[in-house]
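Biologist: Please take a close look at one part of this model for me, and at what surrounds it. I'd like the cut-offs as you go.

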Amino acid sequence: VMQQIDPTQVTDNFISLIGKEWMLITAGNLSSFNTMTASWGAVGYLWNRPVAFIFVRPERYTFEFIERNDRFTLSFLGDTHREAYKICGSRSGRNTNKIEEANLHPLVTPSGLVTFEEARLTLDCQKIYTTPIQKDSFIDPAIYKQWYGGTHGGDHKLYIGAINECYVR
């Protein structure tokens with residue numbers, strides 16, 4: 001059972017949570033949604049509200065859902081679900097049912113968004129800002145060279161979402 005808490009009550013270290021545990025970015029509703037694993041992002045405080053920063057490449061199927069919808073969820077499953085994270089990060093929802101393959105069980109939040117029964121923490125976010133990552137904006141061009149172009153895929157798009165609701169299990 002999910003319990004709603006204030007985002008300021010979350011005591012997890014988001015550097016470890018996102019970078020080591022990973023998270024699922026999900027957009028859409030129960031009848032049409034997609035999710036992807038992400039290990040880049042941030043959670044903080046901006047414009048007098050709690051926010052989450054996510055980065056999605058345009059070739060990812062989830063990108064289409066984030067572009068079409070005003071809201072998304074970030075779901076943290078815990079280290080025991082490493083295989084589910086791997087499946088959701090390596091398969092496309094365009095041509096496979098990765099939710100079923102990952103043995104995940106979609107759960108609808110009170111606001112109608114999708115998270116998963118397995119999630120120990122879910123952030124319900126409203127898009128408030130977006131911008132594409134741009135090569136010319138890098139102070140250190142080595143970062144762009146390392147992570148973009150070639151076989152990495154397109155440049156990410158940054159989304160900042162206001163954290164409207166937070167749920168724990």
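Modeller: Happy to! Let's start with the lining of the largest pocket, where strand 3 (32–38) and helix 3 (82–90) each supply at least two residues. (Helices, H or I with at least four residues, and strands, E with at least two, are DSSP runs numbered from the N terminus.) The model is predicted, so local features need pLDDT of at least 70 and side-chain atom pairs count only at pLDDT 80 or more, while totals for chains, interfaces and linings use all residues. Residues are numbered from 1 along each chain as its sequence is written, and side-chain values use heavy atoms, with hydrogens and water left out.

The volume of this largest pocket is about 260 Å³. Its lining counts 13 residues, and those closest to the pocket centre are Met36, Thr37, Ala38, Ser39 and Arg60. (On a 1 Å grid over the protein atoms alone, a pocket is an open set of points where a 1.4 Å probe fits, with protein on both sides within 12 Å along at least five of seven lines; lining residues have an atom within 4 Å of a point. The volume is the space filled by probe spheres set on the points, which are joined across faces, edges and corners.) Sorted by class, the lining holds six nonpolar, four polar and three charged residues.

Now follow strand 3 itself. Six of its seven residues are buried, which leaves the strand mostly covered. (Buried is under 20% relative accessible area, with a 1.4 Å probe and protein chains only.) Strand 3 runs antiparallel to strand 2 (residues 23–29), and seven bridges join the two. (Strands pair if DSSP finds at least two bridges between them.) Together they form a hairpin, with two residues between the strands. Within that pairing, threonine 35 of strand 3 is the bridge partner of threonine 26.

(Contact means heavy atoms within 4.5 Å.) Threonine 62 sits in helix 2 (residues 61–68). Its relative accessibility is 1%, so threonine 62 counts as buried.

Conventions: Buried means under 20% relative accessible area, exposed over 50%, partly exposed in between (1.4 Å probe, protein chains only). Ala, Val, Leu, Ile, Met, Phe, Trp, Tyr, Cys and Pro count as nonpolar, Asp, Glu, Lys and Arg as charged, and the others, Gly among them, as polar.
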